[in-house]
Amino acid sequence: MSALTSTLPVPAGDVPVGKKRPIEGSRGARLGLRAVALAYLALLVLGPVVLMTLSTFAEGIAPVVEALTTPAFTHALWLTFLMVAVAVPLNTVFGVACALVVVRHEFRGKGLVDALLTLPLGVSPVVVGLALIILYSPLGGWFGPWLREQGIMVIFAPPGMILATVFVSLPFVAREVIPVLREIGTDQEQAARILGASGWQTFWLVTLPAIRVGVAYGVVLTTARALGEYGAVAIVSGKLAGRTETLTLHVEERWLGFDPVAAYATSVVLALMAVLVLVLMRRLEPKEIGDSG
Amino acid sequence: MGIVVRNVGKRFGAYTALEDVSIEVPDGSLTALLGPSGSGKSTLLRIVAGLETPDRGSVLIEGRDATNLPPQERGVGFVFQHYAAFKHMTVRDNVGFGLRIRKAPKAQVRTRVDELLGLVQLDGLAERYPSQLSGGQRQRMALARALAVEPRVLLLDEPFGALDARVREELRDWLRRLHEQVHVTTVLVTHDQEEAMEVSSRIVVMNHARVEQVGAPADLYERPASDFVMGFVGKVNRLPGAYIRPHEVRICDPREPGCEAAEVERLLALGFETRVELRRRRDGQRLWAQLAPDELARLGLEPGQEVGIDLARARRIGDEALLAGTAA
């Protein structure tokens with residue numbers, strides 16, 4: 001295999017396929033569909049967000065600045081970051097691992113794993129919060145009293161809130177990655193192994209790049225859920241302002257405390273964070289290189 | 001011997017994919033594993049590659065027992081039916097993958113990849129992504145990727161199966177000439193007997209998890225060892241107790257001695273050949289003859305016409321050659 005100079009003719013009649021044109025309906029039908037979709041979005045998403053933003057600045061910028069500089073707000077912001085910083089990496093790593101297990105391995109009880117991965121989507125967050133209290137309450141929970149003796153507070157403290165957030169945001173990465181893994185199949189991974197790659201190299205160089213769009217969307221959804229979680233966190237946190245309040249809890253607390261500007265302003269901050277995450281993920285998405293097999 | 005497979009068996013649950021299969025692939029040969037789908041040919045190839053583990057038996061690659069080696073230590077190159085291109089990598093990175101894994105110096109990878117892209121005629125496409133290539137180009141890229149690590153044996157699993165007819169034919173031709181240049185022991189899995197006969201110098205015919213016959217393309221055609229090989233390799237007319245290849249049916253004058261009366265039912269012009277569908281007067285037996293276009297013109301056949309057929313070259317089922325295969 002040394003003399004690789006070749007003069008074999010190039011097979012002709014084998015050209016790359018062009019872009020496919022979408023199937024088009026009548027012009028009226030297309031415009032109608034577009035109008036319905038946009039109106040629906042405007043009414044339910046855009047309208048409330050715009051109104052909320054307007055209400056925030058109704059009395060000018062000064063009360064907004066004041067609301068966003070109180071210790072309670074900054075602590076809530078920090079705590080929310082903490083939730084995201086723990087839940088997102090944890091659920092990303094375990095989500096990808098679970099997806100690999102479910103798609104690439106055959107074992108008894110695989111259906112159960114699959115079901116458990118979906119469970120947090122179906123269970124009401126309130127139930128999750130109560131379950132955590134049953135387990136970890138310092139007053140008669142299963143592990144609570146023992147943990148309290150070790151000086152660890154779970155309920156009415158950040159550890160419990162983190163547990164609740166991790167639980168409710170657990171399925172997203174796995175659920176996004178599982179169909180992508182099924183779709184790409186095992187050919188690429190097998191090709192990499194035959195070419196000499198170890199299992200770990202195959203994962204980093206072949207599998208992960210192939211599923212990265214799925215992972216990215218999973219991370220967006222996980223982050224959004226971790227940012228916005230209310231029910232489960234509300235139950236386990238005890239809602240102590242400046243101590244166990246996340247941004248969502250802070251919104252509620254300010255609203256009930258007759259401080260609508262602070263509630264609006266915090267809501268806008270939450271919305272902006274969600275937008276920021278989306279934009280960042282769009283950035284990470286691969287450039288358009290087509291998807292044909 | 002390039003590859004030796006000894007008494008390999010493989011089951012998937014209740015399904016037997018391979019039943020005590022033994023084959024030998026000579027060094028530097030291009031051997032085809034030919035059989036219908038479900039015959040076990042792909043499973044056998046994947047066992048040689050280490051992608052499946054046999055339940056019993058052993059695999060030797062260049063004299064070394066590879067039965068328990070993982071795929072990456074077998075020194076094999078593998079080309080998949082659906083290319084298995086790394087979609088997020090350029091053509092250059094795809095082809096250089098195996099070399100980069102082996103930590104070859106960058107400059108060396110570059111030179112080698114350029115060489116290989118020349119060999120598979122993809123020069124100038126190095127910076128494209130697989131999605132920007134045609135099917136044939138992708139498969140040539142996959143071939144270059146497999147050859148990059150200088151495998152001891154090259155395994156091709158229905159490499160042209162996903163391509164359309166014309167490209168497939170061109171690539172066959174091209175593969176044969178590539179093999180003359182590169183001389184790596186190659187095993188090609190295919191269900192297409194024409195492809196097997198055109199590309200390879202040796203064919204292993206498989207059916208129902210077993211090897212039916214091994215031989216050169218002409219051997220299989222002229223001396224099929226079993227009823228199955230006879231029907232699978234080349235076209236055949238089955239007569240009561242005998243068979244005859246369509247090109248062996250001679251059209252003659254019905255009054256000529258040795259000729260039987262028959263009626264032309266239909267003429268099928270396929271360009272390079274014409275099929276003459278016939279019906280024997282004596283017993284209504286249907287068969288067809290293969291004629292070259294000029295022969296047809298000379299005979300001036302038309303549907304409904306009365307002709308003679310000479311079946312002197314028909315072989316009896318149960319001839320020596322047939323018995324040899326069915327006894328196994």
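A residue counts as buried if 20 or more other C-beta atoms lie within 10 Å of its own, as exposed if 12 or fewer do, and as partly exposed in between, with C-beta atoms placed from the backbone. This is a predicted model, in which local features need pLDDT of at least 70 and side-chain atom pairs count only at pLDDT 80 or more, while totals for chains, interfaces and linings use all residues. Residues are numbered from 1 along each chain as its sequence is written, and chains are lettered from A and ligands numbered from 1 in the order in which they are written.

**View 1. Chain A is built from 13 helices and zero strands.** Helices (H or I, at least four residues) and strands (E, at least two) are DSSP runs, numbered from the N terminus. Of the 293 residues in chain A, 34% are buried. Two residues are in contact if their C-beta atoms, placed from the backbone, lie within 7 Å. Take the contacts in chain A between residues at least 6 apart in sequence: 73% of them join residues at least 24 apart.

**View 2. Here we look at confidence along chain A.** The predictor's confidence in each residue is its pLDDT, from 0 to 100. Chain A has a mean pLDDT of 85, and 88% of its residues reach 70 or more. Over residues 1-8 of chain A the pLDDT is below 50, and this stretch has 15 contacts in the model beyond near neighbours in sequence. Residues 288-293 of chain A also stay under 50, with eight contacts beyond four places in sequence.

**View 3. Helix H9 of chain A (residues 187-194) is mostly covered.** Seven of its eight residues are buried, among them A:Gln188, A:Ala191 and A:Ile194. What covers them includes helices H8 (171-184) and H10 (199-228) of chain A, along with helix H1 (41-49) and strand S6 (76-79) of chain B. After H9(A) comes A:Gly196, with a positive phi near 110 degrees.

**View 4. Two helices of chain A, H10 and H13 (residues 260-284), have axes that come within 10 Å.** Their axes cross at roughly 170 degrees; axes are lines fitted to C-alpha atoms, for helices over the stretch in contact, and angles run from 0 to 180 degrees between N-to-C directions. That makes H10(A) roughly antiparallel to H13(A), because angles over 145 degrees count as roughly antiparallel, under 35 as roughly parallel, 65 to 115 as roughly perpendicular and the rest as oblique. The contact includes A:Val220 and A:Leu227 of H10(A) and A:Met273 and A:Val277 of H13(A).

**View 5. Five strands of chain B form an open sheet in the order S13-S17-S14-S15-S16, with antiparallel pairing.** Two strands pair if DSSP finds at least two bridges between them. The edge strands of chain B, S13 (250-252) and S16 (286-291), each pair on one side only. From one strand to the next, the twist averages 45 degrees. Within the sheet, S14 (residues 260-269) and S15 (residues 274-280) of chain B pair over seven bridges, and B:Leu268 has B:Arg275 as its bridge partner in S15(B).

**View 6. B:Thr190 sits in strand S8 (residues 185-190) of chain B.** This residue is buried, with 25 other C-beta atoms within 10 Å. Leaving aside neighbours within four places in sequence, the contacts of B:Thr190 include B:Ala32, B:Leu34 and B:Glu158. B:Phe160 is 30 residues from B:Thr190 in sequence and 8.6 Å away in space, C-alpha to C-alpha.
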